[in-house]
Amino acid sequence: RRVLFRSSKSLVIVESPAKVKTIKKFLGTNYEVDASGGHVRDLPKSTLGIDLENDYEPKYITIRGKGDILAKLRKEVKKADKIYLATDPDREGEAISWHLVKALKLDELKDKKVYRISFNEITKNAVKASLKEPREIDMNLVDAQQTRRVLDRMVGYMISPILWAKVKRGLSAGRVQSVALRMICDREDEINSFIPEEYWNLEAELKVPGSKKKLTAKYYGDADGKKAIHNKEELDQILSGLENQPYEVSEVKLGERTKKAPIPFTTSTMQQEASKALNFSTQKTMRLAQQLYEGVDIKGHGTVGLITYLRTDSTRVAAEADTAAREFIKAQYGGQYVAAEAAAKKSDVKIQDAHEAIRPTDIALTPVLVKESLSRDLFRLYQLIWKRFTASRMQPAVYETTSVKVTAGEHIFTLAASKVKFDGFMSVYVQEDEIEENNVLTEKLEKGMALNLIELDSSQHFTQPPAHYTEASLVKALEEQGIGRPSTYAPTITTIIARRYVAKENKNLYVTELGEVVNGMMMKAFPTIVDTAFTANMEYLLDSIGDGNVPWKTVVENFYPDLAEAVKEADAKLDTVKIADEVTEEICELCGRNLVIKYGPHGKFLACPGFPDCKNTKPYLEKIGVKCPKCGKEIVIRKTKKGRKYYGCEDNPDCDFMSWQKPSTEQCPECGSMMVEKGSKLLCTNEACGFVKTLHERP
């Protein structure tokens with residue numbers, strides 16, 4: 001008689017259904033793979049969900065719609081002998097595993113073994129290796145995530161009602177979003193208060209005697225050193241000193257410079273480069289990267305996870321991947337292209353170094369090989385990641401440089417030229433903002449050589465204000481200031497745009513009128529919440545909880561009382577912002593009532609108070625008491641389609657006058673042109689005049 005043995009069954013639970021197919025392919029028939037679809041439990045939406053009387057204990061409930069998923073998982077658990085929790089390898093993933101344990105009551109099972117496994121890439125080797133190294137759930141990481149969730153809930157649920165009451169619209173605040181909004185507002189203030197300063201460029205068009213080729217040399221200064229030309233008077237003085245002067249090559253320096261290979265992508269640098277090179281929003285970049293990580297059907301290979309985990313601030317690369325990359329580069333490009341040693345960022349306290357940089361899971365899967373299998377945008381992002389990683393394992397580029405000084409009397413002009421001697425990593429990858437053209441000297445110049453002057457070319461310029469933030473530069477600034485983490489950059493930016501606190505136009509981020517109101521109130525009532533240093537310190541504390549150095553309840557109990565006090569004070573002292581339901585002199589042409597000012601998603605508008613009987617609405621054009629310099633009618637405050645404020649003529653579109661700065665009632669005393677407000681100063685709009693006056697000097 002045969003004795004039948006039941007084979008051991010294992011259940012692997014992942015987050016995303018997209019991973020199920022990829023992972024199932026790697027494991028045998030004894031493994032069932034299923035997905036939780038992300039979080040299964042969360043704080044309730046209807047209440048704060050934190051027991052303030054009981055040591056700030058969170059009150060978790062099953063997320064609506066997840067009941068069926070949990071029921072299915074419970075059936076799978078019953079059939080299995082071993083349960084492997086294979087959620088994402090970060091703080092959030094660890095918390096999801098813990099919530100699954102609680103929701104499925106896995107900690108109460110006596111006859112089954114429950115393990116936590118994690119892998120940085122969805123490949124056969126990585127998944128199988130993780131099964132050989134199962135571990136327990138890291139409660140420090142879980143607590144770090146719980147703290148973040150609890151703090152965010154406290155800020156959102158306690159401050160939002162204040163905004164609702166005072167601004168009279170369904171607004172909301174967020175712990176990290178409020179700081180990001182403040183940074184954008186601060187940048188807008190810098191731009192608005194910037195006073196342009198005049199400067200001049202001077203170039204000499206020269207040629208070697210007997211040659212027809214032109215050389216362009218830039219003015220450097222005099223024998224005492226480098227000098228900027230600030231105004232026309234200084235320029236005229238220099239031009240006077242150059243009259244009838246011979247031009248001679250006084251120095252020729254030949255040199256070499258190297259340009260280092262880039263380091264592999266982190267979440268932040270991937271988002272920045274995808275924005276600059278591909279014009280992707282941070283949200284789009286993360287959505288595409290998620291697909292590349294979870295698995296894509298590649299012809300001839302089946303479903304393949306093409307990149308490593310997409311949320312990371314580490315630039316570390318696994319030894320096997322580094323070796324494979326070097327072998328690939330040697331075979332494809334030649335041994336002279338292989339980097340001497342791995343390009344790596346200095347270790348940083350914030351980095352969870354179990355993570356790797358974002359890289360291809362298999363460097364042999366080149367962009368050309370996978371192009372047919374990927375959509376256009378998926379391909380473009382994969383190609384960017386592949387090229388960046390490959391370049392990071394390659395030699396620096398080497399340039400031959402030539403630096404020339406040309407003397408004319410007391411004055412010095414310079415020429416600089418460079419050409420690529422060895423392209424190194426640049427044979428694969430060039431960053432969007434570092435594209436360099438070879439600037440080759442067309443003539444061989446030697447010390448003592450006389451040059452003929454063809455002409456002197458001067459041009460007036462003005463210094464430019466700081467640039468508006470783009471998604472890329474905001475991500476960079478958030479990272480540099482220690483605000484947010486790889487998982488939060490994209491949702492933070494998406495949220496402030498969705499709430500219409502910020503408008504995005506031509507890549508630039510502008511604060512809207514609504515954003516100004518909310519930021520002003522937050523700055524006044526909750527200065528700590530919008531303080532960059534405080535928020536960065538909070539991120540550091542969350543990391544410290546994750547490292548097991550700080551108890552999570554200690555952070556919460558130190559945070560809550562100050563917040564509660566600030567909310568109480570704000571409720572009592574903050575004035576209601578008068579931006580809604582103000583009665584105007586304008587009469588509704590449909591029913592004769594006085595129209596009122598209401599506040600919508602895009603700012604103020606006029607509406608009939610007789611709604612819903614009368615649904616008349618029209619734009620609210622706030623006059624500022626200044627006449628249009630083009631047609632003499634009134635200047636009004638207008639909004640772009642996205643909500644950015646500007647000043648235009650009430651006769652638009654017949655009159656096309658517009659200004660980003662607020663026009664002043666004063667005219668320029670020097671030339672009679674319109675003046676605009678720039679911070680604490682009035683500035684003439686006629687650049688040739690350049691008159692500036694401080695506001696407090698006005699009579």
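Trainee: Which residues is Leu-292 in contact with, leaving aside its neighbours within four places in sequence?

Mentor: Happy to start there: Leu-292 is in contact with Val-304, Gly-305, Leu-306, Ile-307, Leu-378, Leu-381, Tyr-382 and Ile-385. Contact here means heavy atoms within 4.5 Å. Keep in mind that this is a predicted model, where local features need pLDDT of at least 70, side-chain atom pairs count only at pLDDT 80 or more, and totals for chains, interfaces and linings use all residues. Residues are numbered from 1 along each chain as its sequence is written, and side-chain values use heavy atoms, with hydrogens and water left out.

Trainee: What makes a set of residues a nonpolar core?

Mentor: The set must consist of buried Ala, Val, Leu, Ile, Met, Phe, Trp, Tyr and Cys residues joined through side-chain atoms within 4.5 Å. The largest such core has 65 residues, and Leu-292, Leu-306, Leu-374, Leu-381 and Tyr-382 are those with the most contacts inside it. Helix α12 (residues 376-392) gives the most to this core, nine residues. A second, separate core has 55 residues, including Ala-144 and Val-502.

Trainee: Why is Thr-266 called buried?

Mentor: Buried means under 20% relative accessible area, exposed over 50%, and partly exposed in between (1.4 Å probe, protein chains only). Thr-266 has 3% relative accessibility, so Thr-266 counts as buried. Thr-266 is found in the loop between β12 (247-259) and α8 (267-278). Not counting residues up to four places away in sequence, Thr-266 touches Thr-312, Asp-313, Ser-314, Thr-315, Ile-358 and Glu-479.

Trainee: Why are the buried residues of α4 said to line one face of the helix?

Mentor: Those buried residues, in helix α4 (residues 124-132), are Ala-126, Val-127, Ser-130 and Leu-131. Seen down the axis of α4, they fall within an arc of 135 degrees, so they line one face. The arc is that of the directions from the helix axis to the C-beta atoms. On the other side of α4, Asn-125 and Lys-132 are exposed. The cover over the buried residues of α4 includes α1 (17-26), β2 (31-35) and β7 (82-85).

Trainee: What makes two strands a pair?

Mentor: DSSP has to find at least two bridges between them. Strands themselves (E, at least two residues) and helices (H or I, at least four) are DSSP runs, numbered from the N terminus. Strand β9 (residues 198-207) and strand β10 (residues 215-222) are joined by four bridges and run antiparallel, with Glu-205 opposite Thr-216 in β10. β10 also pairs with strand β11 (residues 225-226) over two bridges, in the antiparallel sense.
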